Each structure stands twice: as C-alpha cells, then as structure tokens.
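Morning, everyone. Please have the structure open on your screens while I talk.

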Amino acid sequence: MTSPDYSKGVACVRGQYVPIAEASIPITDWGFLRSDATYDVVTVWDGAFFRMDAHLERFLLSCKRWRLDPGLNAEQIAQTLTQCVRLSGLRASYVEMICTRGQPPWGSRDPRLAVNQFYAFAVPYVWLANEAQRANGLHLCISDVQRIPSASVDPRAKNYHWNDLTMGLLGALDAGADSVVLVDAQGNVVEGPGFNVFCVRQGAVVTPAQGMLEGISRRTVIEMAQSLRLEVQVRALPADELRSADEVFLSTSGGGVLPVTVVDGAAIGDGKPGAITRRLVETYWAWHRDPALNRAIDYT
Ligand SMILES: *Cc1c(COP(=O)(O)O)cnc(C)c1O
C-alpha cells in the first residue's frame with residue numbers, strides 16, 4: 001500500500017484526516033441541501049497562521065448566530081487546523097473550518113434535532129487576484145444586484161448565501177471585468193464575493209460600515225491605516241464615490257490588500273495602483289512577520 005498523497009491538501013472529515021481529493025460530505029447534510037452552514041478561512045503564510053485568534057473568535061460567533069454547535073472549542077479547532085496543515089506540509093495555505101447543520105433524524109424537519117458536523121481543510125494559498133492583477137490592479141464592476149438585506153441574513157456571520165454574489169460576479173465577468181461589488185437598497189456599495197471594499201478620497205481611507213461581513217483583513221487594513229496615521233472613515237459608501245475615488249482596493253484573506261484600477265470601465269486616478277494602496281500592501285505583508293499576529297506551526 002502506498003501512503004496517501006497529502007501534498008494537494010488535507011481535510012478533516014468527521015475526525016478523519018484524508019487527502020483533499022477524497023474528502024466528501026453526505027448528500028443529506030443540510031449544509032449541502034440548505035446552505036445551512038457557517039465557515040471561516042484563516043491563512044498560513046511562511047509556516048505561520050495569521051491572526052488565528054480573530055478567525056476562531058469570529059467562527060464561534062458565527063456558529064452561535066446560526067445556532068450551530070461545532071462540538072469543539074477554540075483550542076481543539078486550532079489543533080485540527082494545525083494538523084491539516086502539518087500533514088500537507090504547506091508553508092502557504094488557505095485553511096477553512098466549516099460547521100454544517102448535519103441532518104435531523106429521517107422524516108424530521110426540525111433543525112434542533114440535527115446533529116451538527118465540523119469539517120476542516122487546508123489547501124495551497126488561494127489568491128483572489130493573479131500576479132498581473134496584483135501588479136496592475138483589478139477591473140471591478142459595481143453590480144445592480146442587491147446584496148441580501150441584513151434583516152434577512154445577518155452578513156456579519158459568515159454563510160453560504162452566495163447566489164447574489166455569484167450572479168453579480170457572472171455579470172461582471174461577462175462584461176469583461178475581473179470582479180464585482182454589490183450594493184444595498186440605498187445604492188451604497190457593500191462587499192464582493194469574499195472581500196471587503198475600500199477607497200481613498202482626499203487622503204482618507206473609506207470603507208462601508210454596514211451590510212457586509214466584517215472581514216479580519218478589513219480590520220487589519222483599518223489598524224494599518226491608523227498606524228500609518230491615515231484618516232479612516234467607516235460609513236456608507238455611495239457607488240458614485242467609489243467611481244470617483246482617488247484609489248480603490250479590496251481586502252481579503254485571499255491575498256490581503258488587492259489594488260483596483262478600473263471601476264465600471266473607467267480608470268481610477270492615473271489607472272495605476274495608488275500610493276496609499278501600495279503602502280498598505282507592503283504593510284500587510286510586513287505584519288506577517290509580527291510575532292504578536294502570527295502563530296508558527298510545528299511541522300515535525
Ligand atoms: C470572508 C468574507 C469577506 C472577507 O473576510 P476576511 O476575513 O477579510 O477574509 C468579505 N465578504 C464576505 C461575504 C466574506 O464571506
């Protein structure tokens with residue numbers, strides 16, 4: 001028997017570690033049938049988890065919000081994620097933890113009776129922008145698809161209610177753009193598929209206050225801006241303010257700070273990644289060497 005190939009990634013499914021290609025969930029899990037699940041993504045860079053505690057805290061809050069019980073505490077989840085990464089040997093990894101509703105006893109539709117399930121996996125680091133896009137900036141569309149209202153699905157608890165984001169993204173890709181941001185009922189931009197949005201106007205860094213997931217990368221950007229003594233405005237961001245901004249960028253665990261140089265077909269500033277954006281990109285990666293924010297993995 002040859003030993004399993006963990007090099008493409010490792011998943012933990014119901015307590016068993018398996019190569020990512022072999023990981024599966026039962027078709028009757030409501031995580032699949034109802035999008036009834038929550039998740040979080042933490043990254044590993046240079047062999048260390050970045051802001052692990054913040055991701056664990058948010059994951060457990062998301063679980064509580066959706067009345068899901070992962071059956072593990074923060075330290076047990078951390079151990080499971082660490083084991084996934086350790087087995088894979090990946091030094092740069094995208095690490096996801098998931099709690100699904102599971103399934104109630106046959107015939108019952110009472111979510112309270114479902115046995116919730118915990119899953120996790122580690123795969124190679126995922127970039128939301130390729131190298132050329134990171135160098136030259138992304139082309140972004142502002143969709144007319146409205147993000148699901150906060151009163152219907154709390155956007156602060158991570159969820160898989162992504163049809164609005166996916167339809168918006170398909171529209172943007174059809175139009176030749178790289179990605180998309182959605183708006184709320186008032187026409188303010190809120191967020192895109194897996195990222196928060198920022199702009200720079202007259203030297204101030206602006207990001208929406210409501211209607212979106214409060215990204216850990218968004219928090220990092222706000223803290224970096226404060227440490228660089230930049231003004232930060234957390235407030236409603238009308239679509240036109242994004243279009244006429246001096247700089248635009250995205251924040252996500254899938255690549256950190258990502259420059260945007262075109263919005264709805266028109267160049268932002270001089271059409272190159274802005275000076276403040278570039279400083280924030282540099283600072284984002286510099287903070288990956290700060291022991292206070294990073295938890296080194298023992299691969300032995
Ligand atoms: C995860 C996510 C983000 C970004 O959060 P980070 O913690 O910065 O990775 C933004 N919007 C949505 C809808 C998300 O699911």
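Start at the hairpin of β1 and β2. Two residues sit between its strands, and R14 takes a positive phi near 50° there. Keep in mind that this is a predicted model.

Now the strands themselves. β1 covers residues 10-13 and β2 covers residues 16-19. They run antiparallel, and four bridges join them. Which residue of β2 is the bridge partner of A11? That is V18.

Next, step back to the domains. The domain assignment of the protein gives domain 1 as 10-124 and domain 2 as 131-287. Taken over C-alpha atoms, the centres of domain 1 and domain 2 are 26 Å apart. Domain 1 puts 18 residues into the contact, and domain 2 puts in 20 residues.

How much area do domain 1 and domain 2 bury between them? About 1,800 Å². Of that, 58% is on carbon and sulfur atoms. Look at the domain 1 side. Y39, R51 and R58 supply 35% of the area that this domain buries against domain 2.

On to the polar side of the interface. Eight residue pairs are in polar contact across the interface of domain 1 and domain 2, with both residues at pLDDT 80 or more. Which elements give two or more residues to the side of domain 1 that touches domain 2? They are β3 at 37-45, α2 at 52-65 and β5 at 93-103. β3 brings the largest share, with seven residues. By class, that side of domain 1 has eight nonpolar residues, five polar and five charged.

Now salt bridges. A search of the whole structure finds 15. Across the interface of domain 1 and domain 2, there are two. Let me pick out one pair by name. The side chains of E223 and R51 meet in a salt bridge, at 3.0 Å from N to O. Where do these two residues sit? E223 is in helix α6, residues 216-227. R51 is in the loop between β4, at 48-50, and α2. The pair links distant parts of the chain, 172 residues apart.

Definitions and conventions: Residues are numbered from 1 along each chain as its sequence is written. This is a predicted model: local features need pLDDT of at least 70, side-chain atom pairs count only at pLDDT 80 or more; totals for chains, interfaces and linings use all residues. Side-chain values use heavy atoms; hydrogens and water are left out. Domain bounds come from an automatic or database domain assignment. Contact means heavy atoms within 4.5 Å. Buried area is the accessible area (1.4 Å probe) that two parts lose on being put together, summed over both. A salt bridge is a side-chain nitrogen of Lys or Arg within 4 Å of a carboxyl oxygen of Asp or Glu. A polar contact is a pair of N or O atoms within 3.5 Å; within protein, one must be able to donate a hydrogen and the other to accept it, and residues adjacent in sequence count only if both atoms are side-chain atoms. Ala, Val, Leu, Ile, Met, Phe, Trp, Tyr, Cys and Pro count as nonpolar, Asp, Glu, Lys and Arg as charged, and the others, Gly among them, as polar. Two strands pair if DSSP finds at least two bridges between them.
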